[in-house]
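Please keep the sequence and the 3D view open as you read.

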Amino acid sequence: MKNFKKIGAIFLASGLVLSGCSTKDANTSQGEKKEIKTISLDDFTKNLGGSEYQFVDTRSDEAYNGFKTDGIKNGGHLKNSIQYSASFIGKVNKDKEAKFVSDKGLDKNKKIVVYDTNKENVAKVSDKLATLGYDVYKFEDYKKFADNDANKDNLVTYPEYQNLVSPEWVKSIQDGKTPETYTNKDNYSIFEVSWGEGDKAINYKEHIKGAYHFNTDWIEDGPVWNLRSADEIKTNLLKQGITSDKTIILYSDDASAAFRVNWALRWAGVKDVRIMNGSLKNWKEAGYKTETAANTPKAASNFGVNIPAHPEYNISRAKEMAEKVKNEGIKLVSIRAWDEHLGKTSGYDYIEKAGEPKGAIFGFAGDNKGDMSDYMDPDGTLRNPQEIYNLWKGQGIAETDKIALYCGTGWRNAIPWFMTQLTGRANTYFYDGGWNDWQLDSSLPVDINKDKGSKPDSKNDYK
């Protein structure tokens, strides 16, 4: 590819004023590296709606979703911007980088404008995209843009952005500070979520300093592994000091576990539940302390509201779900592995039958019941919800459709349910019984999809 050469200032027909460049690297495996240019604040603003441009946000999920990081006045991201966090750099298999970037929706026929409040992040991602042959423009004045109220209409903030928080946000609470959206001074608890009692829970052997353990058995019970009774859950939550007015921060190494408990706590009536984005690894990478000593919370006596405060969050049993599919036109969306969807395996040694509820649509997940890699980014954080919605659209799931998310026993579907709440997507239901409950009732219709061929591309292959 031919490099753009700069002599003084170059004025394009679009009106962009460009300056600066980067060192050319003709030896890259992707071909000749493009020259990186710089776009001014005025021209960035003027060309926001230009069809020849694509805008790439290199910030964290929390900043993209709505948090006012780095002291900006107005949070959120540019409408229709593509997220490619700087934290992805170095964590994508080099042989797969070109497709991974392309799968984000970047077009080599367009001008790629990279923005962030952090100039180092802009430089990292700009360099990567230029190396891959994209026509890149750095924008380094995003804070000035976001501080200007006149630009608010160009920004999108997710309605419940506060539900997903960074390790830095959690640490600031531990340090006695009041980070954005936190108004519950000193009334919080942090829980590592996994199966098993504290002394048997492998993932609690090392944990965030000061964190308690949350055993998933406290909110669910076999053989279906649906939610326990309201009284049982109330008793178990009070033992852990969890009340409706306490801020509860959850994290887990198996991402599904924290999201499962998040859903259950919201069903019960806890008003402020946060998910720490990422696992203990992300906490440690941020430079924060861990410990191995077990912590025991102080029990509470009054939950504060009747449980469940939000019964509408749950469609519990298969028969009820089947009736809603028939009478209300709800689409069942399967958050299971492809082999489960095909009926090659039930996915679980305690679930006898394989298959899917009749008419269920494949909604992506991972390779097995413990894997949700289709929903995770290379840095171990949650994938951009819009990328998931684009996948669903390809599966025939429209934004306006009524959908019920399910998996085998109610863990994996908790991640996309969280996304729909985060972004304010309407008409989304949580079918707790999942395939396990459906296959127990022989009167309900079942599909075996073995002739469906290969799995649809999740556009997220970075390993």
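## About the model

This is a predicted model, in which local features need pLDDT of at least 70 and side-chain atom pairs count only at pLDDT 80 or more, while totals for chains, interfaces and linings use all residues. Residues are numbered from 1 along each chain as its sequence is written, and side-chain values use heavy atoms, with hydrogens and water left out.

Helices (H or I, at least four residues) and strands (E, at least two) are DSSP runs, numbered from the N terminus.

## The five-stranded sheet

Let us begin with the open sheet whose five strands follow the order S10-S17-S16-S11-S13, with parallel pairing. Strands count as paired if DSSP finds at least two bridges between them. Strand S10 (164-165) and strand S13 (212-215) are at the edges with a single partner strand each, so one side of each has no neighbour in the sheet.

Further in, strand S11 (residues 188-194) pairs with strand S16 (residues 247-251) in the parallel sense over five bridges. To find this pairing in your viewer, look for Phe 191, whose bridge partner in S16 is Leu 250. Helix H6 (residues 167-174) lies across S10, S11, S16 and strand S17 (272-276), and runs at about 135° to S11. Such angles run from 0 to 180 degrees between N-to-C directions, and axes are lines fitted to C-alpha atoms, for helices over the stretch in contact.

## The four-stranded sheet

A second open sheet has four strands in the order S21-S19-S22-S23, and its pairing is parallel. Its edge strands, strand S21 (361-362) and strand S23 (428-430), each pair on one side only.

Going across this sheet, S19 and S21 pair over two bridges, and Ser 334 has Phe 362 as its bridge partner in S21. Strand S19 (residues 331-334) also pairs with S22, over four bridges, where Leu 332 is partnered by Ala 404. Finally, strand S22 (residues 403-406) and S23 are joined by three bridges, with Phe 430 in S23 as the bridge partner of Leu 405.

H13 lies across S22 and S23 and runs at about 145° to S23. The helix is mostly covered, since nine of its 10 residues are buried (buried means under 20% relative accessible area, with a 1.4 Å probe and protein chains only). Among the buried residues are Pro 416, Met 419 and Leu 422. Just after H13, Gly 424 takes a positive phi of about 75°.

How do H8 and H13 cross? The axes of helix H8 (residues 255-268) and helix H13 (residues 414-423) come within 8 Å and cross at roughly 55°. That makes H8 oblique to H13 (angles under 35 degrees count as roughly parallel, over 145 as roughly antiparallel, 65 to 115 as roughly perpendicular and the rest as oblique). On the H8 side, the residues in contact include Phe 259, Trp 263 and Arg 266, and on the H13 side they include Ile 415, Trp 417 and Phe 418. Contact means heavy atoms within 4.5 Å. The residues of the contact of H8 with H13 divide into seven nonpolar, two polar and two charged; Ala, Val, Leu, Ile, Met, Phe, Trp, Tyr, Cys and Pro count as nonpolar, Asp, Glu, Lys and Arg as charged, and the others, Gly among them, as polar.

## A closer look at Asn 449

Asn 449 lies in the segment after strand S24 (446-447). Is Asn 449 buried or exposed? Asn 449 is buried, with a relative accessible area of 7%. Leaving aside neighbours within four places in sequence, Asn 449 is in contact with His 341, Leu 342 and Glu 356.

Terms used. Buried means under 20% relative accessible area, exposed over 50%, partly exposed in between (1.4 Å probe, protein chains only).
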